[in-house]
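Here are my notes on this model, as numbered points. Please read them beside the sequence and the coordinates.

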Amino acid sequence: MNFRPEVLVIGGGVIGAAVADALARAGTEVVLIDKGRPGYGCSYGNAGWVAPCFATPLPRPGLLLKAARWMTDPTSPLRIPFRADPALLSWLVRFLWNARQTRFVSGTRALVELSEYSLEAFRELAREHPGGLDMKDQGLLQLGLTSKGVEQTATDLRLMEDFGVQGTVLDEQAVRELEPAITGRVHGGVHFVDEGHLEPLEAVRALLARAERAGARVIPDTEAIRLRYRGTKVCGVETTRGWLEPDEVVLAAGTWSRELARQVGVGVPVFGGKGYSMTLERSASELNTPIMVVERKVAITPHGSRIRFAGTLELVRDDRSISLRRVAAIRRTGTELLGVPDSYEVGEIWRGLRPCTPDGLPLIGRSSEVKNLILATGHQMLGLQTAPATGRLVADLVQDRSPTFNPAPFSPARFE
Ligand SMILES: Cc1cc2nc3c(=O)[nH]c(=O)nc-3n(C[C@H](O)[C@H](O)[C@H](O)COP(=O)(O)OP(=O)(O)OC[C@H]3O[C@@H](n4cnc5c(N)ncnc54)[C@H](O)[C@@H]3O)c2cc1C
């Protein structure tokens, strides 16, 4: 192990992998450590969408009201516990402050930019990688089961069109013609055309493989236990496999970043947005296009011969328990829509904690308090689809190049 790399990346999820890839290819000496197997945190069983049409911050007008209405429903797609936890309450107040239309629109603009860049970057990676990450360019269908749901997605389309994202409103018949695998109740929807999906673990593996080819060192089963600092710099990182003294540290540990940053006095207001997925190993369905069921917030994605249903956002600190009722509700939405029999065999049930910030934007940038600490976390529901752009921004910073994107919306200073 190189004990004095130029850059140490903590965390081998899709964000850490993309950062290591961008840094190594730009010629920086980089070591990445993960406490387990890289890619097996939140980046493992997600829906796999790289979908600019979906690039909105979590806080949006009306969302908290909805959450309050859903509080007593154990199968609701969103659960925000309103309880006397000071950290949670302060997070919620900031979330509420950010759920204004102006913030929502400016946040969307910033996220679309990262997503468009990342979609192209994944297409390039898929072309280079054997098996192509199972990446498909099938667009994405946002479906309303009711007229209200269709209205909601048509409103999103109007906003997205301002940022160059293309889509077409479809009535029920057009939906069924486009995607004959849909046999259940549906009212209509929007077909977004230039969107991709891929197998998320494959994406992490491909990014890490390319990083290694460019000289990065990837070390699994190595946990950062303690970050030590002197003055305004991290002077070393104690790990389960020894002491490292990098020039710079990139913290890309997803929801675990909060505790690690706290060790050096940096606030990372990230809560877990717990979500679930269920993968059916061999699907009877002939689905081609990924689907978002607007009212239930369930994502349905074909992955080769498998099909994955994903959804739910429960705000938690670290609770990784699985609610089988919520999993069953996600499955019901998917199977009803596609007519997949209930008896169909489940390959895997998975949960992941999305790192959620109160303004719905990631933290990408240098800490203003600890000079050689770069944060790359808080990517909420969009970590996969903004990873290559995050890697690019971090590489710009480390290499002192002018930033490829406006870094201001992602600056950690907004929470310091
Ligand atoms: C149900 C669901 C569906 C989703 N669908 C999509 C989607 O379609 N598209 C999309 O863009 N996003 C999606 N997301 C969100 C996406 O999964 C996350 O934004 C993304 O995976 C976050 O990546 P990360 O690298 O920040 O975190 P993680 O993947 O959690 O990686 C963090 C890594 O840090 C490591 N680590 C932690 N602590 C330490 C330590 N002390 N030392 C060393 N290593 C450490 C962990 O082992 C882990 O591997 C979904 C999420 C869920 C839950």
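**Helix packing and the ligand shell**

1. Helix H4 (residues 101-128) packs against H10 at about 95°, and their axes are 7 Å apart. H4 and H10 are therefore roughly perpendicular to each other. Axes are lines fitted to C-alpha atoms, for helices over the stretch in contact, and angles run from 0 to 180 degrees between N-to-C directions. Angles under 35 degrees count as roughly parallel, over 145 as roughly antiparallel, 65 to 115 as roughly perpendicular, and the rest as oblique.

2. This is a predicted model: local features need pLDDT of at least 70, side-chain atom pairs count only at pLDDT 80 or more, and totals for chains, interfaces and linings use all residues. Residues are numbered from 1 along each chain as its sequence is written. Helices (H or I, at least four residues) and strands (E, at least two) are DSSP runs, numbered from the N terminus.

3. H1 and helix H7 (residues 200-213) pack at about 25°, with axes 8 Å apart. That makes H1 roughly parallel to H7. In H1, Val14, Ala17, Ala18, Ala20, Asp21 and Ala24 meet Pro200, Ala203, Val204, Leu207, Leu208, Arg210 and Ala211 of H7. Contact means C-beta atoms, placed from the backbone, within 7 Å. The H1 contact with H7 has eleven nonpolar, no polar and two charged residues. Ala, Val, Leu, Ile, Met, Phe, Trp, Tyr, Cys and Pro count as nonpolar, Asp, Glu, Lys and Arg as charged, and the others, Gly among them, as polar.

4. H1 also meets H10. Their axes come within 7 Å and cross at roughly 40°. That makes H1 oblique to H10. The crossing of H1 and H10 is right-handed. Among the H1 residues in this contact are Val14, Ile15 and Ala18; those of H10 include Gly383, Leu384 and Ala387. By class, the contact of H1 with H10 has twelve nonpolar, three polar and two charged residues.

5. Which residues come nearest the ligand? Of the 41 around it, they are Gly13, Gly41, Gly254, Gly275 and Gly383. Helix H1 (14-25), strand S14 (271-280), strand S18 (346-356) and helix H10 (383-398) each give two or more residues to the shell. A residue is near if its C-beta atom, placed from the backbone, lies within 6 Å. The shell has 20 nonpolar, 17 polar and four charged residues.

6. Overall, the protein chain has ten helices and 20 strands. Its C-alpha trace spans about 65 × 50 × 40 Å along the principal axes.

Note on methods
Two residues are in contact if their C-beta atoms, placed from the backbone, lie within 7 Å. A crossing is left-handed if the near helix is turned anticlockwise from the far one by less than a right angle, and right-handed if clockwise.
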